[in-house]
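Try each one before you read the solution.

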Amino acid sequence: MTTAIGFKDTDRKTSELLEDILHSIKGEHITLRDLLAMMGESGLLLLCAFLSLPFLFPVSIPGVSTVFGAGIVLISAAITLNRLPWLPSKVADRRLESGKLRPVLERGVTFLRKIDRFFKPRMTSLTSGAVMNRVNGLVLMGAGILLMAPLGLIPFSNTLPGVAILLLAAGISQRDGLVVLAGYVMVVLTIVYFAALAFLAYSAGNSFFG
């Protein structure tokens, strides 16, 4: 689809909006397509924030980081291009167990509720205009790619990009440039962390075979 999208300002807190979506999850399974249908095209940033919640704490739910990470990448690409997202059926229709996912999402909403009061419109140059919309979309996409990295068993490998995605999505939707800037910092820290892991693995390999 090539329909342009837009972000609507809201007086409601991000945690309240996500809690509404959480309470709308019914049945034994949920898919990314279901979540997108619940939120609508104007809720793309909200969906990115929602998809980051399971990674705020160390969890092990098979397939979640791949499906949610791919969803965030494709949605952020749509945000960058100012288009509605296209999701392949393999990603959009992958069924995830609601029973396992709901408690993790509830913990994420509880955490977000504690920090939500600090969000407010400021440094709006980082959250408005076509250029910043594309820049923020690209950074969000990068964070989604980092989330998809197959490092789930390594501490913080999902948490760091998950926090970055939450800060970016919530910051943009709440017009809080300071929170968006914090999201940039978290993306940089994630890249540094992954680079350090790669260097240690390379060094260990050289020592083993040397």
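**Exercise 1.** In which loop does phenylalanine 156 lie? Work out its backbone and its exposure too.

Solution. A quick note before we start: this is a predicted model, where local features need pLDDT of at least 70, side-chain atom pairs count only at pLDDT 80 or more, and totals for chains, interfaces and linings use all residues. Residues are numbered from 1 along each chain as its sequence is written, and side-chain values use heavy atoms, with hydrogens and water left out.

- Step 1: phenylalanine 156 sits in the loop between helix 7 (130-148) and helix 8 (159-173); helices are DSSP runs of H or I with at least four residues, strands are runs of E with at least two, and both are numbered from the N terminus.
- Step 2: its phi is near 70°, a positive value in a residue other than glycine.
- Step 3: most residues other than glycine have a negative phi.
- Step 4: phenylalanine 156 counts as exposed because its relative accessibility is 53% (exposed is over 50% relative accessible area, buried under 20%, partly exposed in between, with a 1.4 Å probe and protein chains only).

**Exercise 2.** Find where arginine 175 is placed, and check its phi.

Solution. 

- Step 1: look in the loop between helix 8 and helix 9 (177-209).
- Step 2: arginine 175 isn't a glycine, yet its phi is positive, about 55°.

**Exercise 3.** Classify the pair formed by tyrosine 193 and phenylalanine 194.

Solution. 

- Step 1: ring centres of Phe, Tyr and Trp (its six-membered ring) must lie within 6.5 Å; planes under 30 degrees apart are stacked, over 60 edge-to-face, the rest tilted.
- Step 2: the count is one aromatic pair.
- Step 3: with 6.3 Å centre to centre and 45° between the planes, this pair is tilted.
- Step 4: tyrosine 193 is partly exposed at 22% relative accessibility, whereas phenylalanine 194, at 13%, is buried.
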